[in-house]
Amino acid sequence: MGTKVLIADDEPNIVVSLEFMMKREGYEVLVARDGNEALEAIRRERPQLVLLDGMMPGLSGFDVCEAVRADQSLSGTRILMLTAKGRETDVARGVGAGADAYVIKPFSTRDLMQQVRDMLA
Amino acid sequence: MIAPSIVLAVSAGYLLLLFAVAAFGDRRAAQGRSVIGNAWIFALSWAVYCSAWTYFGSVGRAAAGGIWFLPIYLGPMLAMLLAWIVLRKMVRIAQTYRITSIADFIASRYGKSPLLAAAVTLITVVGIVPYIALQLKAVSAGYDLLVHGVEQGPEAAQPWWRNGTFAVTLVLAAFTIVFGTRHLDSAERHEGMVAAIAFESVVKLGAFLAVGIFVTWGIFAGPADIWARAQVFPELQSLMRLGGGEGTAAFGHAQWFATTILAMFSVLLLPRQFQMMVVECVDEHHIRRAAWMFSGYLLLINLFVLPLAIGGMVHFGPGGGMDPETFVLSLPLAEGATVLALVAYIGGMSAATGMLIVETVAVSTMVCNDFVMPSLLRLRGFDARAGGDLTELLLNIRRAAIIAVLLLGYLYYRIAGDAYALVSIGLISFAAVAQFAPALLGGIYWRGGTAAGALAGLLGGFAVWAYTLMLPSMAKSGWLPAAFLDPGPFGIELLAPEALPGLTGLDNLTHSLFWSLLVNVSLYVGISLWRGPGAREASQALLFVDVFEQGDDAAEPAPIFWRGRARLEDLVDLSNRLLGPLRARQMFEDYAAETGVADVEAITADARLVDRVERQLAGAVGSASARVMVASVVQEEPLGIADVIEILDEASQLRVYARALEEKSLSLEAATAELRAANEALQSLDHMKDDFMSSVTHELRTPLTSIRALTELMLDTPDMEAEQREKFLRIVVSESERMSRLVNQVLDMAKMESGHAEWHNADVDMRALISDAVTITAEVFRERGAVAVADLPAQVPLIRADPDRLTQVMLNLLTNAAKFVPKETGRAEVILRVRADDLVVTVRDNGPGIPEAQRAAVFERFRQVGDAATRPHGTGLGLPISRRIVEHSGGEMWVEAAPGGGACFAFRLPLGPGEGEGHGHQGADCR
């Protein structure tokens with residue numbers, strides 16, 4: 001069975017690009033449009049990696065991250081936070097929430113892919 | 001007739017009760033829960049003014065002269081009108097400089113002159129001792145009447161040791177010693193004594209009213225009945241109208257005026273009044289209320305004077321052998337109301353004892369401080385440098401003085417008996433203390449008064465008083481040959497004491513008051529002007545006259561008129577001797593704490609310390625003696641007038657500095673507050689800017705992310721399918737457009753917020769503008785299969801606004817509606833309405849609408865409400881910008897619910913300039 005990657009972002013065009021990248025790499029791609037949907041998908045589908053947007057309506061990416069880390073049964077889930085907010089406090093918040101990596105939008109597709117490969121290795 | 005044992009038992013019981021009340025007051029004071037700390041008790045203690053002379057004598061005076069008893073009480077009421085001005089000043093001065101008697105007050109004002117203090121004391125003793133005798137006589141006469149009944153005259157005099165009056169005198173001496181000489185210092189008041197006096201005031205008022213009510217409604221059938229029955233006696237006619245007083249045909253205006261003035265002075269100047277009003281004053285704020293209450297008290301106690309007097313005359317018959325002064329007792333007694341008679345007697349006793357106690361405390365303080373102490377200090381072994389604690393000695397002197405004063409009064413009573421001198425002594429005493437008025441009142445309002453002037457005025461006035469009032473009263477008693485009065489001493493008519501040249505036709509009191517005060521004031525003013533004040537007089541004058549300007553607070557210190565050198569040890573020794581080690585220690589410790597010195601040994605013996613010590617000693621031994629004592633232990637530089645002026649200048653300079661400093665610090669505080677507020681505003685602006693920047697960054701990064709990712713992907717994937725590539729490119733284009741739109745709007749917003757936006761106002765026809773906007777957006781609606789319709793009136797007035805901006809607003813609202821309406825069935829409606837003074841534009845749709853909780857947020861920047869997944873794209877700036885434009889045009893914009901759940905945006909624009917505020921948005925066509 002292939003590697004499952006969940007893309008959680010409320011910007012459809014960003015989802016388009018991330019989806020293209022992940023599929024090209026041969027991963028199975030799941031998409032969530034907001035925090036609640038994302039958390040639901042993580043619990044149901046158990047993806048190995050989540051590309052998580054920090055700013056989503058409803059449950060934010062940070063909230064989702066914290067919820068996942070609080071759940072022992074989901075401990076294997078890798079989380080890569082993507083955010084358009086680049087302030088230091090936001091980075092600190094992401095790390096504090098328990099993300100494995102933190103990438104600022106806009107990102108380099110190559111760097112992001114490399115990071116994803118490393119995390120799934 | 002009442003058995004002597006009962007009268008004695010009740011009297012003894014009453015005096016015991018008095019002891020209990022005083023002991024209670026003192027105990028509460030020791031516990032710090034003062035019972036006298038309120039205006040009621042304070043006012044009641046003033047009523048010590050109403051002595052036995054009031055209690056029995058008012059009726060006597062009324063029986064002899066009708067309303068002529070009234071001026072004695074009108075005067076004090078008039079004085080009370082001035083209490084807040086005059087009395088408050090006296091209290092402030094006395095408490096600031098620890099003045100304990102009226103002799104001390106006058107002496108202190110005129111450079112702390114021991115001579116002046118002695119003169120005032122002498123006048124007081126001479127003037128007051130007969131008055132004390134009168135009180136004793138009242139107690140004794142009352143007793144006789146009760147025991148022997150109305151019919152019999154008093155028996156032959158008993159030996160003095162078996163006389164009840166003597167016993168009363170001794171008991172009162174004991175009371176006064178116990179409660180009047182507990183401690184030396186004036187700061188600790190005689191709380192127990194004040195409480196007892198207030199209690200006595202209640203008793204005498206109650207008793208007098210009880211008798212009045214009994215006589216008026218018990219014996220007679222009300223005041224009208226008394227008046228009616230008095231018509232029978234022609235002798236009583238004159239009592240019931242003005243005029244005819246004291247035998248003269250015409251109304252004695254001069255006499256009325258003189259008696260009123262006299263009583264006005266005496267309520268302030270009698271030693272017992274000074275003691276109660278000034279020395280025992282706990283809080284000067286009580287004066288204002290106490291003045292009214294005291295006036296009320298006087299009114300009450302005079303209510304039944306005329307009914308009693310006339311009723312008594314009617315009852316016993318005019319000239320019926322009964323002395324009108326005993327009506328208060330004899331009327332109930334004659335009617336067989338023995339209990340009431342006993343109550344009346346206790347009332348009279350309370351009036352007498354109250355006066356005796358307070359007067360004795362006041363006079364004994366004066367005698368001790370101003371007679372005995374100065375002589376004692378001259379003796380070897382007692383001077384200031386000698387050792388030993390003098391406090392006990394001082395207290396013993398005071399105790400001895402109390403006994404001496406009371407015994408003197410008793411002696412006078414025994415000797416004078418029923419002589420004329422005693423009967424008229426009340427007013428004669430008043431006239432004696434009235435001599436203090438020029439020196440005292442002049443002293444607190446006129447800086448020019450001098451000790452020599454005051455002394456000359458006092459002695460001159462006193463001499464005239466003695467010659468015109470005292471000696472004639474003795475002559476009338478038969479102690480001087482009658483020829484002394486008529487034709488005059490040595491047969492010289494010009495010297496006739498009651499008819500000094502140029503003034504005949506006046507009664508003896510008015511005559512005496514006129515001459516004595518004339519001499520007094522002339523000498524006081526004349527001599528004061530002839531030789532100006534010396535340094536010490538000038539400095540004390542300043543401290544007294546300007547007492548309210550020289551507050552006690554540290555920021556504005558009163559000037560201290562002292563220069564020289566002192567040693568701390570000498571001052572400590574002196575204080576130990578006169579205050580006792582305990583109080584002295586307390587004083588120095590307080591001073592150390594005030595000046596911020598670590599301990600007593602480190603205090604600098606400067607002018608301020610010397611002044612403090614002298615003031616404290618003044619409380620114990622009087623200011624004149626304190627001055628002598630302090631001067632003897634320190635090395636003083638004699639002060640000249642120039643020094644006084646210099647010190648005053650320094651003090652006022654200091655005060656100017658202090659005030660300037662205070663103003664500076666106040667303005668500094670204000671500036672700090674302003675700065676803090678400005679800083680807070682800046683910080684909040686800064687915060688807002690940060691948030692704005694953060695939002696803008698976020699909004700810019702989002703499309704940028706798509707653009708970068710998709711272009712990179714296309715670059716890295718040369719073999720991408722054409723369809724995929726085209727999809728990507730379309731996204732890149734639309735995201736680029738989104739970015740440019742955002743950049744434009746951010747700039748727009750920033751310009752508008754900073755006020756740099758350009759506005760091109762013109763006459764705008766909103767009707768045309770709206771149809772244009774609907775036309776422009778028709779394509780957008782068509783794409784979604786929706787329609788936009790406009791409902792416009794046939795004609796609208798032109799408004800003054802920027803048409804391009806308003807078009808922007810309309811386009812924003814319409815495209816928003818187009819985005820949100822459902823596909824195929826979407827419908828938006830624009831309605832324009834003209835009201836009295838504004839235009840209202842409404843844009844409503846049949847989209848999902850905006851939940852009420854989020855309505856306020858739609859106008860916030862970058863706030864896009866609703867579900868992000870289903871929400872169309874926007875910058876989050878369209879509505880905030882639209883609202884700004886409308887507000888800039890003088891209108892307002894709001895959102896409400898449309899029927900059927902859609903959104904309804906509306907705005908109004910004023911028709912004329914300057915209008916548009918204060919109109920609600922009722923009537924928008926959302927329904």
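How many residues of chain A are in contact with chain B, and how many of chain B with chain A? I looked this up before anything else.

I'm working on a predicted model, so local features need pLDDT of at least 70, side-chain atom pairs count only at pLDDT 80 or more, and totals for chains, interfaces and linings use all residues. Residues are numbered from 1 along each chain as its sequence is written, and chains are lettered from A and ligands numbered from 1 in the order in which they are written.

**A against B.** I get 20 residues of chain A in contact with 18 of chain B (C-beta atoms, placed from the backbone, within 7 Å). On the chain A side, helix H1 (residues 12–24) gives the largest share, six residues; helices are DSSP runs of H or I, at least four residues. By class, I noted nine nonpolar, four polar and seven charged residues on that side.

**H8 and H20, chain B.** I found the axes of H8(B) (residues 114–148) and H20(B) (residues 425–433) coming within 9 Å and crossing at roughly 160° (lines fitted to C-alpha atoms over the stretch in contact, angles from 0 to 180 degrees between N-to-C directions). That makes H8(B) roughly antiparallel to H20(B) (over 145 degrees). The contact includes Tyr131(B) of H8(B) and Ser429(B) of H20(B). Its classes are nine nonpolar, three polar and no charged residues.

**H25 and H27, chain B.** Here the axes of H25(B) (residues 568–579) and H27(B) (residues 607–621) come within 10 Å and cross at roughly 15°. The pair is therefore roughly parallel (under 35 degrees). Among the residues that meet, I jotted down Leu571(B) in H25(B) and Gln616(B) in H27(B).

Terms used: Helices (H or I, at least four residues) and strands (E, at least two) are DSSP runs, numbered from the N terminus. Angles under 35 degrees count as roughly parallel, over 145 as roughly antiparallel, 65 to 115 as roughly perpendicular and the rest as oblique. Two residues are in contact if their C-beta atoms, placed from the backbone, lie within 7 Å. Ala, Val, Leu, Ile, Met, Phe, Trp, Tyr, Cys and Pro count as nonpolar, Asp, Glu, Lys and Arg as charged, and the others, Gly among them, as polar.
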